[in-house]
Amino acid sequence: MIRKAEMADLDRLTEIESICFPSAEAAGREALEQRLRAFPLHFWVMEEEGLVIGFINGMATDEPVITDVMFENAFLHKADGQWQSVFGLDVLPAYRGRGYAAQLMQALIADARAAGRRGCILTCKAHLLHYYEKFGYRSLGISDSQHGGAQWYDMVLEF
């Protein structure tokens, strides 16, 4: 089941994020709380038997690529922004390989289409480029992002 995240999910979301991303890249509790306050309608969770097992989130923006400042300030969210960003797509390791991440991504894409956005944007590491290409994203090359000290690639899905 996919539903919108609620503030009551915060501790669980923080736990999942810390498992799914290296500590230098993971959003902390404060950042996730800020996101829930700034863009609650852009934060989806996946449940299995009542347990939150994954989530996807990201602000709407007029920027054509994700910048590091967006990770630091969720209040840059623009409700009528042209682009739906993806800040994180997290599924606990025990639940991977079941299509849950794809369902979360499809929910975000469907919402962005319904809202009349130009498309979706994300950053990812090189080994995930092929995964996001399955949804129609295309790589724009190496990102300017220095988030967590990793090398990222900008990707865009245009409607």
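Is Phe 87 buried or exposed in this structure? With a relative accessibility of 11%, Phe 87 counts as buried, where buried means under 20% relative accessible area, exposed means over 50% and partly exposed lies in between (1.4 Å probe, protein chains only). The model is a predicted one, in which local features need pLDDT of at least 70 and side-chain atom pairs count only at pLDDT 80 or more, while totals for chains, interfaces and linings use all residues. Residues are numbered from 1 along each chain as its sequence is written, and side-chain values use heavy atoms, with hydrogens and water left out.

Apart from neighbours within four places in sequence, Phe 87 is in contact with Arg 35, Phe 39, Asn 57, Gly 58, Met 59, Ile 66, Met 70 and Phe 71, contact being heavy atoms within 4.5 Å. Phe 87 and Ala 27 are separated by 60 residues in sequence, and their C-alpha atoms are 9.3 Å apart in space.

Five strands form an open sheet with mixed pairing, in the order β4-β5-β7-β9-β8; two strands pair if DSSP finds at least two bridges between them. Because β4 and β8 (138-142) each have a single partner strand, they stand at the edges, and one side of each is left without a neighbour in the sheet. Helix α4 (residues 100-114) packs on the sheet and touches β5, β7 and β9, its direction making about 165° with that of β5. Such angles run from 0 to 180 degrees between N-to-C directions, and axes are lines fitted to C-alpha atoms, for helices over the stretch in contact.

Within the sheet, strand β4 (residues 60-61) pairs with β5 in the antiparallel sense over two bridges, and Ala 60 stands opposite Gln 84 of β5. On β5 (residues 83-86), both faces are covered: Trp 83 and Ser 85 are buried on one side, Gln 84 and Val 86 on the other. The pairing of β5 with strand β7 (residues 119-124) is parallel and spans four bridges. Here Trp 83 has Gly 119 as its bridge partner, and Val 86 stands opposite Leu 122.

How many residues of β7 are buried? Six of its six residues are buried, so this strand is mostly covered. Strand β9 (residues 153-158) runs antiparallel to β7 and is joined to it by six bridges. Among the facing residues, Cys 120 stands opposite Leu 157, and Ile 121 has Val 156 as its bridge partner.

Attention now turns to the helices. In helix α2 (residues 29-38), the residues Leu 32, Arg 35, Leu 36 and Ala 38 are buried. Their cover includes α1 (10-20), β2 (43-48), β3 (51-57) and α3 (68-72). Two packed helices are described by the angle between their axes and the distance between the axes. For α1 and α2, the angle is about 125° and the axes are 9 Å apart. This makes α1 oblique to α2, on a scale where angles under 35 degrees count as roughly parallel, over 145 as roughly antiparallel, 65 to 115 as roughly perpendicular and the rest as oblique.

On the α1 side of this contact are Leu 10, Asp 11, Leu 13, Thr 14 and Glu 17, which meet Arg 29, Leu 32, Glu 33 and Leu 36 of α2. The residues of the contact divide into four nonpolar, one polar and four charged; Ala, Val, Leu, Ile, Met, Phe, Trp, Tyr, Cys and Pro count as nonpolar, Asp, Glu, Lys and Arg as charged, and the others, Gly among them, as polar. Thr 14 of α1 is buried, with a relative accessible area of 19%. Not counting residues up to four places away in sequence, Thr 14 touches Arg 29 and Leu 32.

A last stop is the loop between β2 and β3, where Glu 49 is found. Glu 49 is exposed, with a relative accessible area of 82%. Its phi is near 50°, a positive value in a residue other than glycine.
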